Amino acid sequence: MLRSYIWLTFCVTIWGSNFVFGAILVEHFPPMLLAISRLAITSIFFVCFAWSTGRLVKPTKRDWKYLVPIALLTLINQSSFYIGLQYADPTTSSLIISISPIAVSLLAAVFLKERLTVRMSIGSVVALTGVFFVVGSGGSLSISAGETFMVLAMLSFAISMILTRKLTELRDPFFATSYGTVLGAGLLLPIALVRDSVSEMSTELWAWALLIVCALMMQVVCGLVWNREMQKVGAAKASIFLNLQPFVAMSLGFLILGKVVTGTQIIGAILIVGGVLVATTQAARSVRSRRVKSQTEA
């Protein structure tokens with residue numbers, strides 16, 4: 001069990017560093033071309049892996065009903081994330097993205113008819129209060145352009161999770177993730193080439209090396225490791241580790257970028273993480289109780 005916890009912490013640390021390394025990369029690559037480069041690297045891996053394992057299958061008409069919007073949301077998520085990092089502080093960005101579990105739960109209550117409990121509602125209010133502290137500096141709500149793009153990235157991710165849940169009722173998670181990523185890359189490519197200039201991309205070897213390592217580590221290696229360890233410890237326990245991401249971003253932002261962590265960000269982080277913990281813990285208990293009930297009835 002301890003070994004699984006170490007691996008989960010490793011994954012969260014890598015994912016949390018995405019905000020810091022992403023902020024570095026957008027200084028050397030146009031945001032849209034950076035997004036398509038990462039998606040292309042990930043797509044190449046998925047295609048090679050699917051081909052080598054015999055998992056290349058033709059999507060059905062029913063699959064396309066979900067794959068097309070998932071691909072569009074992947075396009076919006078990746079482009080918004082890197083455009084946002086041009087203007088938003090990495091710590092603030094990580095705090096905004098960290099409320100995605102709340103957004104997923106609220107959307108699931110609306111579209112998947114999942115029960116919205118009192119505890120979920122309280123946790124949502126607490127987490128959103130934390131966001132208010134972060135983007136409003138504890139005063140009037142004033143959202144910058146970078147923070148707006150981060151909210152868009154968070155919302156697009158949350159909506160794509162709802163659609164992915166529906167698709168995984170028909171297909172396995174690898175199909176949903178890989179096909180959505182490849183299609184998203186295909187949709188983003190022409191837009192990125194029109195919006196950004198290829199001549200503005202970095203010619204420095206270290207920048208390309210960082211780009212490739214980030215793509216493979218954050219979207220491939222950690223994804224596979226996370227899913228493996230989550231099966232061992234359970235989704236509920238694994239999800240708790242995700243709350244460490246903002247603190248990783250804070251620490252690395254200070255150590256690597258010299259970004260000073262403000263008192264407002266600390267208060268916001270405590271409220272957001274606390275709210276997410278309250279909400280998701282209740283959700284996890286509800287799932288477990290439903291499973292126990294179904295097993296008893298069986």
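1. Phe46 and Phe174 are both buried, where buried means under 20% relative accessible area, exposed over 50% and partly exposed in between (1.4 Å probe, protein chains only). The two rings form an edge-to-face aromatic pair, with 5.8 Å centre to centre and 80° between the planes. Rings of Phe, Tyr and Trp (its six-membered ring) pair if their centres lie within 6.5 Å; planes under 30 degrees apart count as stacked, over 60 as edge-to-face and the rest as tilted. Because Phe46 lies in helix 2 and Phe174 in helix 8, the pair ties together parts that are 128 residues apart in sequence. Phe46 and Phe174 also belong to one aromatic cluster with Phe45 and Phe49. The structure holds 10 aromatic pairs.

2. Basis of the values. This is a predicted model, in which local features need pLDDT of at least 70, side-chain atom pairs count only at pLDDT 80 or more, and totals for chains, interfaces and linings use all residues. Residues are numbered from 1 along each chain as its sequence is written, and side-chain values use heavy atoms, with hydrogens and water left out.

3. Overall fold. The protein has 12 helices and 0 strands; helices (H or I, at least four residues) and strands (E, at least two) are DSSP runs, numbered from the N terminus. Of its 298 residues, 46% count as buried. Among contacts between residues at least 6 apart in sequence, 89% join residues at least 24 apart, a contact being heavy atoms within 4.5 Å. The protein exposes about 15,000 Å², of which carbon and sulfur atoms supply 68%; accessible areas come from the Shrake-Rupley method with a 1.4 Å probe, and for residues only the protein chains shown count as cover.

4. Largest core. A nonpolar core is a set of buried Ala, Val, Leu, Ile, Met, Phe, Trp, Tyr and Cys residues joined through side-chain atoms within 4.5 Å. The largest has 42 residues, and Leu25, Phe29, Leu34, Phe81, Tyr82, Leu188 and Trp226 touch the most other members. Two or more residues each come from helix 1 (2-25), helix 2 (31-52), helix 3 (61-85), helix 7 (145-167), helix 8 (173-195), helix 9 (205-233) and helix 10 (235-241). Helix 9 gives the largest share of this core, 10 residues. A second, separate core of 18 residues includes Leu95, Ile99, Met154 and Ala279.

5. Phe29 and Asn18. Leaving aside neighbours within four places in sequence, Phe29 is in contact with Leu34, Met201, Ser202, Ala207, Trp208 and Leu211. Asn18 lies in helix 1 and counts as buried, at 13% relative accessibility. Not counting residues up to four places away in sequence, Asn18 touches Arg38, Phe81, Tyr82 and Met218.

6. Charges over rings. Arg171 lies over the face of Phe175, at 4.6 Å from the ring centre. The charged end of Arg228 sits over the ring of Trp7, 5.6 Å from its centre. The criterion is NZ of Lys or CZ of Arg within 6 Å of the ring centre and within 35 degrees of the ring normal.

7. Helix 4. Helix 4 (residues 90-97) is mostly covered, with 7 of its 8 residues buried. These are Pro90, Thr91, Thr92, Ser93, Ser94, Leu95 and Ile96. At the start of helix 4, a side-chain oxygen of Asp89 reaches to within 2.9 Å of the backbone nitrogen of Thr91.

8. Phe149 counts as partly exposed at 28% relative accessibility, and Phe157 counts as partly exposed at 34%. Not counting residues up to four places away in sequence, Phe149 touches Ser80, Ile83 and Gly84, while Phe157 touches Asn77 and Ser100. Phe157 and Ser100 are 57 residues apart in sequence and 7.4 Å apart in space, C-alpha to C-alpha. For Phe149 and Asn77, the corresponding values are 72 residues and 9.0 Å.

9. Ile143. This residue is found in the loop between helix 6 (118-136) and helix 7. Ile143 is partly exposed, with a relative accessible area of 44%. Ile143 and Phe132 are 11 residues apart along the chain, and their C-alpha atoms are separated by 9.4 Å.

Definitions and conventions
Polar contact = N/O pair within 3.5 Å; in protein donor to acceptor, adjacent residues only side chain to side chain.
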